[in-house]
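Please read the following report alongside the sequence and the coordinates.

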Amino acid sequence: MAKNLLIVESPAKAKTINKYLGKDFHVLASYGHVRDLVPKEGAVDPERHFAMNYEVIERNEKHVDAIAKAAKAADNLYLATDLDREGEAISWHIAEILRSRKLLDGKALHRVVFSEITPRAIKEAVAHPRALSMDLVNAQQARRALDYLVGFNLSPVLWRKVQRGLSAGRVQSPALRMIVEREEEIEAFKAREYWTIEADCAHPDQGFKARLTRLRGKKFEQFDLTNEADAQAAREALQRSAQGRLVVANVESKERKRRPSPPFTTSTLQQEAARKLGFSTSRTMKIAQGLYEGVALGDEGVVGLITYMRTDAVSLSAEAIQELREVIGKDFGARALPEQPHFYRNKSKNAQEAHEAIRPTAAAHRPRDIAHFLNDEQRKLYELIWKRAVASQMQHATLNTVSVDLDAGGESMFRASGTTVVDPGFLAVYEEGRDARNAEDEDEGRKLPKMAIGEAVPLAAIAADQHFTEPPPRYSEASLVKTLEEYGIGRPSTYASIIQVLLNREYVILDSRRFKPTDVGRAVAKFLSGHFSQYVDYDFTARLEDELDAVSRGEEDWVPLLEKFWKPFKATVDDKSESVDRSEATGARELGSDPQTGKPVQVRLGRYGPFAQIGTKDDEDKPRFASLRPGQSMHTITLAQALELFKLPRTLGKTEDGEDITVGVGRFGPFVKHGAMYASLKPDDDPYTIELPRALELVREKAELIANRTIKDFGNGIQVLNGRYGPYITDGNKNAKIPKDKEPRELTEAECAELLAAAPDRPKRGRFGKAATGKGKAGKASKSAASSDAAAAPARKAAAKKAAPRKSAAKKAPVKKAAARKLARKAAAS
């Protein structure tokens, strides 16, 4: 056994590094985090200076045991987890576990960090270890404690006031607020009409267009012409005064330089990959992780292709700059190389956590040379990173912009602009993407003919064009990440997980790659903004991030930070738990009155989503309910649209046997009903417009499906059936697969009974739709107990029937406990 044990986070990284360090080192992976807070109340105890109760994460127990076994035999322990505060905390947790098992006595403990996985970087890091940074560890502990305290205390308020199973998070909630506020801006937006006037100039050398900039001696503004009559009158007046030509009044030529963008940080990589490659933030980080951990490059072996991908630094090492300059000189010539390297400064005060920007570990690994070793997504992302890093050290681009003012007479003026590239510089390699194009972008690439002051340019036509102002766009992943970063909400390494939580909770959906809040998401955001405004306030969240950064730099203690946050937060939670009305919390709206009954019509948020309601629970008759249609929102639905929903169920007619055919919408979507049989509508069918012939067709299809479902029935409960995933055997309690070499129609009763006996028991379903089984050691014990019970079942069958009520009562508590544990984990994780 090697005397040096080195621990990294991922098995892929372990495999690569093991080859670099040789037989003196044993490299193991922790598989990410090894410990987390216990998922129950009291995991963070404010009464005991925020003492945190950790436990080993169940799925990683075997990896922790392997590390402990190897540590026992090793003389030196190297903790080489990632170089950010998250990685520092993982190293500390590993050390704490080993210390609690008395495995660190007399052993040297080293912390090693590296930003790239190359033989040089790894050997350098091992040769120069440091001690664990408790400042970084405490910053991560404080972050985890805050997230736990918010999630564990705020989520239950949402369960009671809005809907079961919801969660609130310290950073996800301000991000959700941002998306919801943008949606409200869009809904409140009123389009304004405006007109532009453009001249079509027929210059002998080259035609071009010019925009009206001055009208009757006054600067032409966007809303000077707001209707067709005025626009056409202005156009006709310009035509009369111009008399078929425009006279060049001024020619201005301006040369400007454009500097390249700095190499990628985490957030700028996420933004560009979203804009240019269409990758989600989580996809970008997953692909980048693979490039960082290493890719097999033929004879070179496994090579880490990029530096660490969680960083807010824009700086590059001297060695990296030298490598990039050599590649630029070879590939693009001396003209593309500036005399001095470009140096980029960081905006973030805490960027020293990660040493460098994201760059290729070897600039000589050109994308075209290694493309055949990469899959398509890896190739695209690596090329983006390589080009951005190379461009960052290239010569600036030189652009020339020519602007020509053209006199139309009557104190009116048009302007034409064009921008040409004099020297492309870095633009020969890379140009940063934009979320929206501006007027400068429109001019770029447009070339104007040479013109002199006093020259008359023939006028082909003057056109007046109608436009309407547009609402602000919904956030894309790129623009949301950019805005979060601008506000200082969260940190680049957390953006992918924030977005994923919002999507997983169904607080938002992606509509044409833009975030649209759901009714549940809006209810959560409005509730939190209305009653916990400080905790979804952008400035407050950003200040808290700055304080966590100060903890990581050793400038602030983490316990006072938590104390300052906790007391007012807990008081607000206690107050709102009692004082807030549920209807108000869910954003219920009264739309008006039902013309037929005069009863109020409302839209509300229920357990299964938004619904409309006619009447109240206090009425003599029960209220009527109807689910909203897909695409409808309780925040924008009108009274007329809500009343339409109550046209269901509809009776479409009768079958030949005199049975009614009706159509309605249930919990699982729209359906046609014939007697006791329900047939789901297809996606193209609309329950409000479907007619009898189509409904009968669906009923016939369902009847045929039922008729064909039974392949064989032995009359004693055992059946061979056609299922969603193919034929199977069932006795009502258990399902058994049919071996591939068996023909379902030829199975005998004895063969079916044998296959059922060997099949696993179907798990009991818990209250929240998950199997209510134990976990860990307790789970194993109950499993073996279940096995022995199954063997004795036939003898106790009759007794079990009598004892059924007591049995179900006895089982009720564990199911409830499992569900509670699951909800606790949800709250703690959010």
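## Nonpolar cores

Leaving aside neighbours within four places in sequence, F527 is in contact (heavy atoms within 4.5 Å) with V157, L158, K161, V162, F532, V580 and A585. The model is a predicted one, in which local features need pLDDT of at least 70 and side-chain atom pairs count only at pLDDT 80 or more, while totals for chains, interfaces and linings use all residues. Residues are numbered from 1 along each chain as its sequence is written, and side-chain values use heavy atoms, with hydrogens and water left out.

F527 and V672 have the most contacts inside the largest nonpolar core, which has 92 residues; such a core is a set of buried Ala, Val, Leu, Ile, Met, Phe, Trp, Tyr and Cys residues joined through side-chain atoms within 4.5 Å. Its largest share, 13 residues, comes from helix α5 (residues 134-161), where helices (H or I, at least four residues) and strands (E, at least two) are DSSP runs numbered from the N terminus. Another core, of 60 residues, lies apart from it and includes L21, I287, A288 and Y292.

E545 is found in helix α17 (residues 538-552) and is buried, with a relative accessible area of 0%; buried means under 20% relative accessible area, exposed over 50%, and partly exposed in between, using a 1.4 Å probe and protein chains only. The side chain of E545 makes a polar contact with that of R170 at 3.5 Å, a polar contact being a pair of N or O atoms within 3.5 Å, of which, within protein, one must be able to donate a hydrogen and the other to accept it, with residues adjacent in sequence counting only if both atoms are side-chain atoms.

D549 forms a salt bridge (a side-chain nitrogen of Lys or Arg within 4 Å of a carboxyl oxygen of Asp or Glu) with R85, and their closest N and O atoms are 2.5 Å apart. This pair links helix α17 to helix α3 (residues 85-100) across 464 residues of the chain. D549 counts as buried at 4% relative accessibility, and R85 is buried at 7%.

## An open sheet

Four strands form an open antiparallel sheet in the order β28-β29-β30-β31, two strands being paired if DSSP finds at least two bridges between them. Because β28 (710-713) and β31 (735-737) stand at the edges with a single partner strand each, one side of each is left without a neighbour in the sheet.
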